[in-house]
Amino acid sequence: MRFCLFVNIGECVIPKSLLMEIDSVNKGGSYTGLVVPNSFEMNPLLQSSSFVKDQKIPYLDVSGRRFRIGTLEHQKVIIVMTGLSMLNAGITTQLLLSLFNVKGVLHFGIAGNANTQLEIGDVTIPEFCAHTGLWLWQRYGQGPENELPLESNGDYTRKIGYLKFSDYNNDTSTRNKEFGDNLLNSVWYQPEEVFPINAEPEARQHIFWVPVDKDYYALSKKLEGLKLENCINSTTCLPRDPKVARVKRGVSANMFIDNGAYRKFLSDKFNVTPIDMESAAVALICYQQKIPFIAIRALSDLAGGGSAVSNEASIFATLAAQNAVIALIKFVQLLHS
């Protein structure tokens, strides 16, 4: 007889044997979840002597994800790779929290850099994360003074701000003085609808800037001064020693940003530093599930703002991934102490 946790067209998604293994893992106590986007960002952690896989159940495979079980600096951890994008990151984080006894989530990886005060190789820890890919695209001929569709219902808002495409036209001489001459007009940034577990079901709330856990963020200050890697090989090194920096804001969207104009817009409008494709999704899930969360993102490129002909990540992604792991391991040490 098969027992199903979920049912899909008569087939078991999670069979009884796997549920028993999950239960066995959870009986071992609570775990810190380590959530990472891609394999090249995860491999330095798996290859580190600080990580020791569980001898009885080293991993469990559920819904296309592999949950690796073990200890990191004597702390019980479950490592899971999400895959690229907000959707994958959100699904994977929810699976992690729904299946396992997780007391906190540490998200790590690489990111683009929108902060001119920091450089490639630096590790950033934002205090707030936001999803900047949820837009209302305004029709041509309307502007900031016009109410948005469904705004009166509370579905959309003009409170966060907008991007006006005509501000980035190459030739501004023919710009229509009233509306601008770009048919794409403007997009308005929107907050996420969230449904926290401690609130009434289906009673939506809205949030744009998701805070990381205040205790985690305070603890991360002790990472400042941490020694990081600064060379890829004997001939390719960074111009200065990289550092760990706590920053105000980071953003995520289903876009790889390699455009200097949009990088500057995000910096000027939102005062952001790391730009990635997953952190805000992980943050939003943890916020709704009331699980402590923090993001550790090492800067691999300048998001289109550099002088190089091509994006710098092709050269520095591996170095950045290593630095993110160095900071992560040290943070876990601090949690343990």
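I count a polar contact as a pair of N or O atoms within 3.5 Å, where one must be able to donate a hydrogen and the other to accept it. I am reading a predicted model here, and I kept that in mind throughout.

**Entry 1: Gln138**

I started with Gln138, in strand S10 (residues 135-138). Its side chain reaches the backbone oxygen of Gly143 at 3.1 Å. I then found a polar contact between the side chains of Gln138 and Trp188, at 3.0 Å. Is Gln138 buried or exposed? I looked up a relative accessible area of 3% for Gln138, so I noted this residue as buried. I also listed what Gln138 touches beyond four places in sequence: Gly143, Asn146, Leu148, Leu184, Asn185, Ser186 and Trp188.

**Entry 2: Asn185**

Asn185 was on that list, and I went there next. I found Asn185 in the loop between strand S11 (162-164) and strand S12 (186-189). A polar atom of the Asn185 side chain lies 3.5 Å from the backbone oxygen of Gln138. I put Asn185 down as buried because its relative accessible area is 3%, under the 20% cut-off. Its phi is near 60°, a positive value in a residue other than glycine. I also checked Asn185 against Tyr168: the two are 17 residues apart in sequence, and their C-alpha atoms are 11 Å apart in space.

**Entry 3: Lys290**

Which phi did I find at Lys290? Lys290 has a positive phi of about 60°, although it is not a glycine. I located Lys290 in the loop between H6 and strand S18 (293-301). I recorded Lys290 as partly exposed because its relative accessible area is 40%.

**Entry 4: Ser252**

I moved on to Ser252, in strand S16 (residues 244-252). At 2% relative accessibility, Ser252 goes into my notes as buried. Where does its side chain reach? I found the backbone nitrogen of Ser279 at 3.3 Å from the Ser252 side chain. The backbone nitrogen of Ala280 lies 3.0 Å from a polar atom of that side chain. Leaving aside neighbours within four places in sequence, I saw Ser252 in contact with residues including Met86, Ala130, His131, Thr132, Gly133 and Asp276.

**Entry 5: H3 and H6**

Met86 and Ala280 also turned up where H3 meets H6, and I looked at that pair of helices. The axes of H3 (residues 86-99) and H6 (residues 279-289) come within 8 Å and cross at roughly 35°. I noted the crossing as right-handed. On the H3 side I listed Met86, Ala89, Gly90, Thr93, Gln94 and Leu97; they meet Ala280, Ala281, Val282, Ile285, Cys286 and Gln289 in H6.

In soluble globular proteins, nonpolar side chains tend to be buried together.

I followed up Val105. Beyond four places in sequence, I saw Val105 touch residues including Leu96, Leu97, Tyr216, Val282, Cys286 and Phe293. Of these, Leu97, Val282 and Cys286 are also in the contact of H3 with H6, which takes me back to the previous entry.

Methods:
Residues numbered from 1 in each chain as written. Predicted model: local features only at pLDDT ≥ 70, side-chain atom pairs only at ≥ 80, totals over all residues. Heavy atoms only, no water. Axes fitted to C-alpha atoms, helices over the stretch in contact; angles between N-to-C directions. Helix = DSSP H or I, 4+ residues; strand = E, 2+ residues; numbered from the N terminus. Left-handed = near helix turned anticlockwise from the far one by under 90°. Contact = heavy atoms within 4.5 Å. Buried < 20%, exposed > 50% of the residue type's maximum accessible area, 1.4 Å probe, protein only.
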